[in-house]
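Welcome! Here is a short tour of a protein model, with a look at its charged pairs and at one of its sheets.

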Amino acid sequence: MDTPKVCLTLTGRSFIENIETYRRYKNYVDIVELRADYLNEEDQFRLREFPSMIGIPCILTIRRKRDGGQFVGNEFTRTQLFSRALAFADNEKSHNFNYVDFEDDFNVASLNDIALAFSVRIIRSLHSFDGPVFNLRDTFSKMQHTPNEIFKIAFMPNNLSDVSRLFEEAKLLHGVQYIVLAMGPLGVVSRILAAKLGSCLTYTSPASMDKAMRDLGHMDPVTLVDMYHFRRINKTTRIFAVTGWPLKSTNSPLLHNSLYQKHNMDCVFIPLPAASIDEAMEFAKVARLRGLAITVPHKEKVISLLDEVDANVGEIGSCNTAVLQNKGPLDYIDRNYTPHWLGHNTDAVGFLNALIEFMGTDKLSKKKVAIIGAGGAARAIAYVIKTLGCKTCIFNRTVERAQSLASLYGFKAAPLCPDSYGLLERYSDIIVQTTNVGMNYTPVDGKNPQQKQYDPIWFYEFMGTEHLFDIIYTPDVTPVMARAKAKGCSVCNGIQMLKEQGYAQFKYFTGVDYDDFDAE
Ligand code: ATR
């Protein structure tokens with residue numbers, strides 16, 4: 001099968017606007033879709049001229065409101081626009097529309113005939129915004145009105161399981177050309193992995209796309225082609241993913257995909273938002289994923305779904321990396337396929353490497369350490385601090401959680417409040433901030449206010465001798481970091497930890513050191 005084509009959907013108000021948009025992405029796209037429902041009236045009446053103006057294969061679509069488009073006229077007007085655009089075709093094929101999108105319930109014999117007469121391929125489409133469409137093969141045959149149509153089914157999934165079923169069913173489609181995709185954030189995987197689904201194209205929009213397109217799950221062609229290496233994805237490409245919920249923003253695809261590119265690996269790393277980890281594991285099985293990075297809130301729950309875990313996971317009680325142990329090519333069709341998953345924790349090694357870099361040494365046993373917070377992230381950190389042999393106290397809003405974590409390692413525990421000032425001062429050689437207080441905080445006018453809700457140790461006056469390691473990386477300077485820095489403390493954020501844990505994941509996923517290439 002050919003690699004799926006990259007289609008740029010053009011939703012400009014005028015031909016000129018659309019042509020300018022196309023020029024920006026010229027080197028990234030194979031075909032454009034003219035969404036005539038977005039055009040001004042003047043250009044709608046001269047649709048015929050567009051293909052020769054743009055000079056690239058072109059799909060004509062006039063989408064009605066109920067199918068997610070902008071067209072509000074009646075079907076008579078729409079039929080007229082189609083006939084104007086398709087009739088009196090030019091002898092030079094490149095001056096005509098190559099494809100036209102007719103919905104499954106839009107069966108106008110005269111238009112079908114025009115399309116057939118002038119060799120315009122019909123894309124017969126079905127859009128469902130209120131749930132999935134299944135039984136694809138039967139649905140295709142019910143949709144068909146003329147020979148040789150390309151079938152398109154786009155639906156809004158209710159959950160990731162609907163997307164998994166799409167991948168399962170697509171394995172059984174042969175002998176027809178089609179485009180199948182799930183819309184919305186859960187469906188982004190179906191756009192990136194069009195080659196795995198056997199779809200003949202994937203739709204993209206310019207980076208400046210409106211909210212409606214973004215909500216449908218469109219991405220821009222540069223991200224698709226450069227970051228996800230879309231043109232290289234084929235049936236044998238190894239797939240990895242990061243799963244979490246809501247997984248609004250994650251740096252992992254960028255990190256892993258650029259490492260695959262650097263090492264010339266036939267791999268792709270995708271975001272896989274999943275409300276439950278069970279659904280993520282189901283997708284991993286159906287789409288034959290080779291590895292999963294697991295993030296909030298699934299790091300603990302995932303353990304019960306794995307076949308085995310390493311000693312770190314057993315000790316820490318949290319897993320952020322699952323690696324498929326089945327080796328060799330994976331049979332996509334085999335219904336008896338059973339994945340075997342091994343879990344690791346790379347948060348611990350990520351923190352350890354970042355801490356050593358921050359402190360400039362791994363000889364830290366003489367240091368007294370304060371861990372702020374006792375949640376999931378603090379568990380991996382406490383484990384590392386124990387291996388370094390430091391005297392430690394855990395401070396947490398809910399003191400019972402601090403006590404229970406501290407008891408695992410023989411640490412002290414205390415409530416996170418002004419009463420603990422003296423104790424915090426005594427354990428302040430290294431302060432590791434692990435709570436989410438200060439996360440996603442945006443400074444106003446470039447200033448970091450010291451409001452209590454953004455600073456978990458607001459009551460503590462820095463002396464200037466402390467090392468503060470805040471595991472947050474957005475923003476890159478949290479209010480507590482700003483306060484410590486102003487007093488002359490040495491501070492660091494979580495970006496290096498994030499990278500280090502990603503490098504360790506890369507090694508588990510591919511068996512290669514991330515910097516092997518540099519060393520050559
Ligand atoms: P993660 O896996 O990211 O560590 P978590 O397990 O939910 O997430 O833990 C969040 C940590 O941030 C906890 O230590 C939590 O304190 P509680 O155990 O008392 O809930 C801490 N935290 C969250 N919001 C906080 C706040 N407003 N003030 C102080 N600590 C807070």
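A residue is called buried when its relative accessible area is under 20%, exposed when that area is over 50%, and partly exposed in between. The model you see is predicted. In it, Asp67 and Arg64 are both buried, and their side chains meet in a salt bridge.

There are 22 salt bridges by the rule used here. Three of them are listed below.

| Salt bridge | N to O distance |
|---|---|
| Asp67 and Arg64 | 2.8 Å |
| Glu168 and Lys171 | 3.6 Å |
| Asp347 and Lys299 | 2.8 Å |

In the second pair, Glu168 has a relative accessible area of 23%, so it counts as partly exposed. Lys171 is buried, because its value is 11%.

The Asp347 and Lys299 salt bridge links distant parts of the chain, 48 residues apart: Asp347 belongs to helix α15, while Lys299 sits in the loop between β11 and β12. Both residues are buried. Elsewhere, salt bridges with shared partners form one network whose members include Arg64, Asp67, Glu75 and Asp101.

Now for the sheet. Six strands form an open sheet in the order β17-β16-β15-β18-β19-β20, with parallel pairing. Strands β17 and β20 are at the edges with a single partner each, so one side of each has no neighbour in the sheet. Within this sheet, β18 and β19 are joined by four bridges, and Val432 has Phe469 in β19 as its bridge partner.

Technical notes: Residues are numbered from 1 along each chain as its sequence is written. This is a predicted model: local features need pLDDT of at least 70, side-chain atom pairs count only at pLDDT 80 or more; totals for chains, interfaces and linings use all residues. Side-chain values use heavy atoms; hydrogens and water are left out. Two strands pair if DSSP finds at least two bridges between them. Helices (H or I, at least four residues) and strands (E, at least two) are DSSP runs, numbered from the N terminus. A salt bridge is a side-chain nitrogen of Lys or Arg within 4 Å of a carboxyl oxygen of Asp or Glu. Buried means under 20% relative accessible area, exposed over 50%, partly exposed in between (1.4 Å probe, protein chains only).
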